[in-house]
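Okay, thanks for coming, everyone. Let me put the model up and walk you through a few spots in it.

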Amino acid sequence: MLNPVFVSDPFQNAFGILTQVARDRGCVYRWLALGFYAPDEELVRSLREGLLKQELTQATNWLGMDQRPLSDYLNEVNAYAIASLPELQDAYEALFGKSVSRIAARESAYLWRSVTHPADAAGELDRALINLYGQYGLKPQAGAEDSLPVQLEFIAYLCQLETQAWQAGTSQTARELRRQERAFLTDHLGRWLPEFCQRMEERALPSFYSALSAFAFRWTKLEYGPGYSSLS
């Protein structure tokens, strides 16, 4: 009698790969969110211990050759591994603090390019984001709904839900969550992040944040594909 040949389930294998990709994408977005929040001891420790670079490197391995430019930007980020908290705070304040030369890290500051009445549009934007976050049981700090780290965190959360859906084998739910991630990038983050990153580059002030924004732009460009930089 011949021994039975066990063939692995191709769907199970595919779901395993998609689970890992969703998990890795969520990891990238979580680290980006942490990096763009006001600096704290957790960020300093993550830089100093090499955790940020290690996890972002592992989370982008699946990109293959496309990982190389990300690695270059990540090396620039890691150049600030010995930065102290006061140094990061000074850099953060110089870029995003309350000054006429600050760079706005929120979507509402870029609405002037596409609407006639930015103030009214900003109110509508906040309401739309509050409603969208609320659909997933999320409630960010009042006034921060359209901020860069909050929007990055939201995509990270959707990736987390997608990861769980692939793990459970509920492919329809997982695919819908992936569509939601894409839609959020198209309708929100992807519409203004290119200009934000361009402003960061034009400031020509090398810092942890300029390096992180370069990484963020390249990553989101890979996420969205051709035409990303023209969305804004």
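So, the lining of the largest cavity is made of Arg25, Tyr29, Ile155, Arg178, Glu181, Arg182, Leu185 and Glu223. A cavity here is a set of points on a 1 Å grid over the protein atoms alone where a 1.4 Å probe fits but cannot get out, and lining residues have an atom within 4 Å of a point. Keep in mind this is a predicted model: local features need pLDDT of at least 70, side-chain atom pairs need 80 or more, and totals for linings use all residues. Residues are numbered from 1 along each chain, and side-chain values use heavy atoms, leaving out hydrogens and water.

Back to our cavity: its volume is about 50 Å³, taken as the space filled by probe spheres set on the points, which are joined across faces, edges and corners. By class, the lining has 3 nonpolar, no polar and 5 charged residues. Charged means Asp, Glu, Lys and Arg; nonpolar means Ala, Val, Leu, Ile, Met, Phe, Trp, Tyr, Cys and Pro; the others are polar. Helix α8 (171-202) gives the most, with 4 residues.

Those helices, by the way, are DSSP runs (H or I, at least four residues), numbered from the N terminus.

Now, aromatics: there are 13 pairs, with ring centres within 6.5 Å. Take phenylalanine 36 and phenylalanine 196: their centres are 5.9 Å apart and their planes sit at 75°, so we call that edge-to-face, the label for anything over 60 degrees. Phenylalanine 36 is in α1 and phenylalanine 196 in α8, so the pair links parts 160 residues apart in sequence.

Methods
1 Å grid on protein atoms, 1.4 Å probe; cavity = no way out; pocket = protein on both sides within 12 Å on 5 of 7 lines; lining within 4 Å. Helix = DSSP H or I, 4+ residues; strand = E, 2+ residues; numbered from the N terminus. Phe/Tyr/Trp six-rings, centres within 6.5 Å; stacked < 30°, edge-to-face > 60°.
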